[in-house]
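Biologist: I'd like to learn how to read a model like this one. Could you walk me through it, feature by feature?

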Amino acid sequence: MKIAEVLKEDKITLSMEVFPPKTTAGVESVNEAVKKIAALKPDFMSVTYGAGGGTSKYTVRIAKDIKDAYEVNSLAHLTCVSSTKETIEERLSEMKEAGIENILALRGDIPQESEFPLPNQFHHAIELIEEIKRVAPEMCIGGACYPEGHPEAGSKAEDILHIKEKVDAGCAFLTTQMFFDNSIFFNYLYRLREAGISVPIIAGIMPITKKAQVARSIQLSGCCVPARFKAIVDWFGEEPPNMKQAGIAYATEQIIDLIANGVKHIHIYTMNDPEVAGGIQKNLSEILG
Ligand code: FAD
């Protein structure tokens with residue numbers, strides 16, 4: 001089913017992200033995690049795309065399994081930053097062949113060690129969106145957006161203009177970067193709507209359940225850490241089971257506040273941990289109905 005259709009239904013949706021293995025050695029454990037997360041029957045599952053690396057082929061395979069073997073809607077990510085236009089064409093044919101109906105079209109992070117962009121590469125996600133529209137117009141396309149602004153953007157206003165261009169090019173929905181302070185999301189949502197962006201916005205929630213995740217997540221996303229959240233990590237960070245419980249509780253509370261303020265679509269960055277995904281879902285069982 002197309003994600004755009006899922007989001008049109010009159011209900012709160014809870015979707016979950018998984019990532020493919022980074023090496024062939026990790027295939028089995030990722031398969032197991034995907035199976036367990038799919039058993040929770042989220043409204044859809046997204047599968048990230050390892051930019052450029054040899055494991056990017058797993059994205060299509062996992063997205064196909066989610067859809068065919070586990071009967072959960074799937075969304076395959078695709079990045080263009082480390083690929084030639086030919087590689088993108090190949091991936092799109094593979095996706096079509098696998099019966100993938102939904103793609104999250106992304107640029108990817110610019111690799112530090114190589115020159116970018118090369119002549120035969122797309123520069124921005126919008127070009128990838130236009131290419132998908134050209135060669136696979138039947139695909140439902142989503143894009144990324146950033147409540148705190150994309151780290152490379154000159155300003156938040158400029159960033160929102162580029163988001164609007166992505167929507168005008170064919171993005172049917174947007175998923176946000178993680179954020180830990182809901183007021184930042186509410187303000188951003190207002191600015192998106194003010195800019196004339198009316199597609200569904202899916203709030204991306206990252207449950208921080210390990211102390212080590214904190215520095216990395218913040219470095220990658222550049223997002224603010226509220227004092228309340230910092231206190232949790234400081235207090236519980238050295239005790240893994242306690243940190244896990246506190247991280248699930250913080251994410252749950254964030255989601256409840258979003259829903260209580262009219263947000264209908266929530267996406268959990270599960271980090272391939274079925275216990276975390278399942279813990280949050282259980283905490284919301286009555287609310288999700
Ligand atoms: P773009 O939309 O191209 O934006 C990148 C920057 O360029 C922004 O600063 C924007 O303002 C600017 N810009 C956009 N269009 C133009 C233009 N026409 N002219 C000038 N400037 C422009 N990374 C992965 O490698 N794999 C994944 O699976 C993955 N999944 C993600 C899922 C979500 C929900 C999110 C939020 C991020 C994900 N990322 C993933 C990270 C993402 O690839 C990076 O954040 C990347 O740096 C930007 O990607 P984008 O698609 O937002 O790029």
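**Cysteines, strands and the ligand**

Modeller: Let's start with the cysteines: searching the whole structure turns up zero disulfides. Keep in mind that this is a predicted model.

Biologist: What is the nearest cysteine sulfur to Cys140, and how far away is it?

Modeller: The general idea is that a disulfide joins the sulfur atoms of two cysteines covalently. Here, Cys140 is in no disulfide, and its nearest cysteine sulfur belongs to Cys171, 9.2 Å away.

Biologist: Is Cys140 buried or exposed?

Modeller: Buried, because its relative accessibility is 5% and the cut-off for buried is under 20%.

Biologist: Let's move on to strands. In which sense do β5 and β6 pair?

Modeller: A general point to begin with: along a regular strand, side chains alternate between the two faces of the sheet. In this model, β5 (residues 140-145) runs parallel to β6, and five bridges link the pair. One place to look is Cys145, which sits opposite Thr176 of β6.

Biologist: How many of the six residues of β6 are buried?

Modeller: Five of them, so β6 (residues 171-176) is largely enclosed by the rest of the structure.

Biologist: Now the ligand. Which residues come nearest to the ligand?

Modeller: There are 24 residues around it, and those that come nearest are Tyr49, Asp109, Tyr146, Asp159 and Lys166. By type, the shell around the ligand splits into nine nonpolar, nine polar and six charged residues.

Biologist: How much of the ligand does the protein bury?

Modeller: The ligand taken alone exposes 970 Å², and the protein buries 84% of that. Two or more shell residues come from each of β3 (74-79), β4 (102-106) and α6 (156-169). Of the elements, α6 gives the most, with four residues.

Definitions and conventions: Residues are numbered from 1 along each chain as its sequence is written. This is a predicted model: local features need pLDDT of at least 70, side-chain atom pairs count only at pLDDT 80 or more; totals for chains, interfaces and linings use all residues. Side-chain values use heavy atoms; hydrogens and water are left out. A residue is near a molecule or strand if one of its heavy atoms lies within 4 Å of it. Accessible areas come from the Shrake-Rupley method with a 1.4 Å probe; for residues, only the protein chains shown count as cover. Ala, Val, Leu, Ile, Met, Phe, Trp, Tyr, Cys and Pro count as nonpolar, Asp, Glu, Lys and Arg as charged, and the others, Gly among them, as polar. A disulfide is a pair of cysteine sulfur atoms within 2.5 Å. Buried means under 20% relative accessible area, exposed over 50%, partly exposed in between (1.4 Å probe, protein chains only). Two strands pair if DSSP finds at least two bridges between them.
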